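Dear colleague,

I am handing over the structure we spoke about, with the sequence alongside. Please look through it first, and then read the notes below.

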Amino acid sequence: MRFGYYLTEPKGPDPIGGLRDQIAQAAQDGFTSAWLSNIFGLDALTALAAAGSQVPGIELGTAVVPTYPRHPAVLAQQAMTVNAALGGRLALGIGLSHQLVIEGMYGYSYERPYRHMKEYLDILLPARRGEHVKYAGETLKADLQLTTPGAGFPVLIAALGPRMLKLAGTVADGTVLWMTGPRTVAEHVAPTINAAAAEAGREAPRIVCALPICVTDDPAAAVDRANEIFAVYGQLPSYRAMLDKEGAATPGDIAIVGDEETVLAKIDQLRQAGVTDFVGSVFAGRERTRNLLIGAAKG
């Protein structure tokens, strides 16, 4: 299992410089990848191109770019450009986002999200390979060929439900998970996506699992803190469904917390469940937690 590090958006007058320093530290510490979310702060792709191009030797991923606001060919062109800037080190994580965001904030229809993602990938995947795309779906169309450098990066889908997991296994390179625990990975995610890939004659997909993590001697306080920080994820339907599958009442219940021995055991549960890449989102006890992750990353 590979170890990645979840980047945090820097505060202050030089956010790109701060992000560059985080990426450089992650590379120096031995992490194989570093991941940046795309919410309402920095545009993840632009920021990774600007900061990550100054730091060699580490994969940089988006977790995740929402699909609805960008035509798939436009996203393919941007991601290819970023991949060129990074020397081929981009992992493009994409996702549907949530009805609250897409309809309530952006004003797009969130009707039939599976159809949207299927049509989106029908354009995005060949476009990012530099192929001519002539496609007419129910909601998306394209007739073009990109000449952008940087073709060929992996595309990972934030897939949680069975249909989306099957789609990810059949046509994409894997999935990026959040708020999804080891039992859910072992009993739901890994069997579904791996079976779909095998049936399609494809290599086993990546299962990138990001979770909040804190090494501490006071796990109860850490769980309370996680519940404060990540409360919204207990209310969004897609993540609520994953918490329910795990038997977790709150986001804090799925956070990886405890002393070193306990945290390492919980991380190993993820490996046994089928996770290929664990990405630690350190939310408290930063120095102690980071030291444990560095040791785990270096093997």
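Predicted model: local features only at pLDDT ≥ 70, side-chain atom pairs only at ≥ 80, totals over all residues.

Residues are numbered from 1 along each chain as its sequence is written, and side-chain values use heavy atoms, with hydrogens and water left out.

Salt bridges

A salt bridge here is a side-chain nitrogen of Lys or Arg within 4 Å of a carboxyl oxygen of Asp or Glu, and by this rule the count comes to 17. One of them joins the side chains of Arg 70 and Asp 43, with 2.7 Å from N to O. Arg 70 lies in the loop between strand E4 (65–66) and H3, and Asp 43 in the loop between strand E2 (33–36) and helix H2 (44–52), so the pair ties together parts that are 27 residues apart in sequence. Helices (H or I, at least four residues) and strands (E, at least two) are DSSP runs, numbered from the N terminus. For burial, the terms are buried for under 20% relative accessible area, exposed for over 50% and partly exposed in between, with a 1.4 Å probe and protein chains only. On that scale Arg 70 is buried at 18%, whereas Asp 43 is partly exposed at 23%.

A salt bridge is also found between Arg 128 and Asp 173, whose closest N and O atoms are 3.7 Å apart. This pair links distant parts of the chain, with Arg 128 in helix H5 and Asp 173 in the loop between helix H6 (162–171) and strand E9 (174–178), 45 residues apart. Arg 128 is buried, at 7% relative accessible area, and Asp 173 is partly exposed, at 24%.

Between Asp 143 and Lys 134 the closest N and O atoms of the salt bridge are 3.2 Å apart; Asp 143 is partly exposed at 49%, while Lys 134 is exposed at 65%.

Surface patch

Ile 39, Phe 40, Leu 100, Met 105, Tyr 106 and Tyr 108 form a nonpolar surface patch, and together they have about 650 Å² of accessible area. Patches take residues with over 30% relative accessible area and no salt bridge, joining like charges within 9 Å and nonpolar side chains (Val, Leu, Ile, Met, Phe, Trp, Tyr) within 5 Å; areas come from the Shrake-Rupley method with a 1.4 Å probe, and for residues only the protein chains shown count as cover. Met 105 sits in the loop between helix H4 (99–102) and helix H5 (113–128).

Second largest pocket

A pocket is an open set of points on a 1 Å grid over the protein atoms alone, where a 1.4 Å probe fits, with protein on both sides within 12 Å along at least five of seven lines; lining residues have an atom within 4 Å of a point. The second largest pocket holds about 190 Å³ of space. Its lining has 14 residues, with Tyr 68, Ser 109, His 116, Thr 139 and Leu 140 nearest the centre, and H5 gives the most to this lining, with three residues.

Two separations

With best wishes

Technical notes: Points joined across faces, edges and corners; volume = space filled by probe spheres on them.
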